[in-house]
Amino acid sequence: MGGLIQSSIARKVAMALSGLFLVFFLLQHFTINLTSVFSADVFNELSHFMGTNPLVQFALQPVLIFGVLFHFIMGFVLELKNKKARAVKYAKYSGGANSSWMSRNMIYSGLVILAFLGLHFYDFWIPEMVHKYVAFAPEDPTRYYPELLHRFESPVRTGLYVVSFVFLALHLWHGFASSFQSVGFNNKYSVSATKFAKAFSIVIPLGFIIVAIVLHLTH
Amino acid sequence: MNLTLKIWRQKDANSKGAIVDYQVQGIEGDMSFLEMLDVLNEQLITKGEEPVVFDHDCREGICGACSLQINGEPHGPDRLVTTCQLHMRKFNDGDTIYIEPFRAKAFPVVKDLMVDRSAFDRIQHAGGYISVNTSGNTIDANAIPVNKQDADDAFSAATCIGCGACVAACKNASAMLFTSAKVSQFALLPQGQVEATDRVLAMVNQMDEEGFGNCTNTGACEIECPKGISLENIARMNREYVKASMKG
């Protein structure tokens, strides 16, 4: 994939745009999750729509999967290229003196998120695909909420979700604001945009964590 | 003050190097870092040992010749100074100081602490100039009106001395800050517009060919740059590049 986009700036812009796309997806996902805390009916209705609407299933879902795969594969390609750019390491390296831990360790926070996605697919996406396209089970618009509760019964599972969202916050803390710089957005609005991105990187993962804990504790 | 120095020694480009320990005594706080190394080299020469090779020229922070990764930071722990402007008062008696060459695949070690930074020259040659007919009919640059902010930003970008600290500081050994400064100093001015498209494409292409890493916006380069070159230049270069790519 690194060969497809040859220039370093093109790769950087592609990483930023795919990251921004995933940020929008996160917001949409969180909005639906949040409804589960307030109303099982609304959650079921929204999940039924997302799970059965042909546009969502056959257009948006493949685009999302492509976006996720692209972001991860390009991330690994860039990491390998960057490692090659400094073959001999420093005996002493003081990265903390000039940059944040989050910015230097995007690959590690990304790997945790990738592992989480594996678990998330195992929990929700694969059973959903089997239900609809393998078993051809009859659609029950009220099944989504009980399935959600079932997943958050285990404290270990809930804990893994919480830890993963902490790493998502760390990843977004650098990645979201950094994407503005990558696409060349640096002007009088940059300070406000960065503040918004930093706030988003805390609020949204924290929201996911709260929803997971509430579902676990109240049921 | 007395210091323990851990210095990278490497006989030549093809040899394997290693960190070697040295003791220096009688270092004064008012000495520059390079003067401290001069003291060490005097000691080594007196003992009949090979002195430590390092780059230096003007010793007043304007030529960009001195380099050195000092305790894990290019040009040492002070900000907005080059190694030659770094004073020993920034260190304490009994300190251990790591001194290494700027590390990057594109900056191969020549000997000890001296690296070959000609990759920067080649990036500059690829397009970091404007073509002007100088055969007696040049126009005074001041005759062309330039927005004050643009002029200031262009001048700030032009203060880059090409020392390579940005590459040395970057965890990816990226040369984006240097290249973007050299692109920006012309992109902001009317004189630079004629060749703007070719310039950014050629310079970025050369930067990639030299084997520098990719920028991941850690911001380390801006912090360590002795001239305070801003990350805004990288955003500007990204814009210029996308614009130029669309023009073809």
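How many residues of chain B are in contact with chain A? The count is 36 residues of chain B, against 33 residues of chain A. Two residues are in contact here if their C-beta atoms, placed from the backbone, lie within 7 Å.

Before going on, some housekeeping. This is a predicted model, where local features need pLDDT of at least 70, side-chain atom pairs count only at pLDDT 80 or more, and totals for chains, interfaces and linings use all residues. Residues are numbered from 1 along each chain as its sequence is written, while chains are lettered from A and ligands numbered from 1 in the order in which they are written.

Back to the side of chain B that touches chain A. Strand S5 (96-100), helix H6 (196-209), helix H7 (220-224) and helix H8 (232-247) of chain B are the elements that give two or more residues to that side. Helices (H or I, at least four residues) and strands (E, at least two) are DSSP runs, numbered from the N terminus. H8(B) gives the most, with seven residues. Sorted by class, this side of chain B has 15 nonpolar, 12 polar and nine charged residues. Ala, Val, Leu, Ile, Met, Phe, Trp, Tyr, Cys and Pro count as nonpolar, Asp, Glu, Lys and Arg as charged, and the others, Gly among them, as polar.

Now chain B as a whole. Chain B has eight helices and seven strands, and its C-alpha trace spans about 60 × 40 × 35 Å along the principal axes. Of its 248 residues, 45% count as buried. Buried means that 20 or more other C-beta atoms lie within 10 Å of the residue's own; exposed means 12 or fewer, and partly exposed is in between, with C-beta atoms placed from the backbone.

Chain B is divided into domain 1 (3-111) and domain 2 (118-247); these bounds come from an automatic or database domain assignment. The centres of the two domains, taken over C-alpha atoms, are separated by 29 Å. Domain 1 of chain B puts 18 residues into the contact, and domain 2 of chain B puts in 16.

Next, helix H5 (residues 176-187) of chain B. From first C-alpha to last, its 12 residues reach 15 Å, close to the 16 Å expected; the expected span is 1.5 Å times one less than the number of residues. Is H5(B) largely enclosed or open? H5(B) is largely enclosed by the rest of the structure, because 12 of its 12 residues are buried. Among them are B:Met176, B:Lys182 and B:Ala187. The buried residues of H5(B) pack against helix H2 (118-127), helix H3 (148-158), helix H4 (165-169), H6, H7 and H8 of chain B.

B:His75, in the loop between strand S4 (73-74) and S5 of chain B, has a positive phi of about 65° although it is not a glycine. B:His75 is buried, with 28 other C-beta atoms within 10 Å. B:Leu80 lies in the loop between S4 and S5 of chain B, and its phi is positive too, about 60°. B:Leu80 counts as partly exposed, with 13 C-beta neighbours inside 10 Å. B:Ile139 is in the loop between H2 and H3 of chain B and counts as exposed, with 10 such neighbours. Its C-alpha atom is separated by 50 Å from that of B:Gln10, 129 residues apart along the chain.
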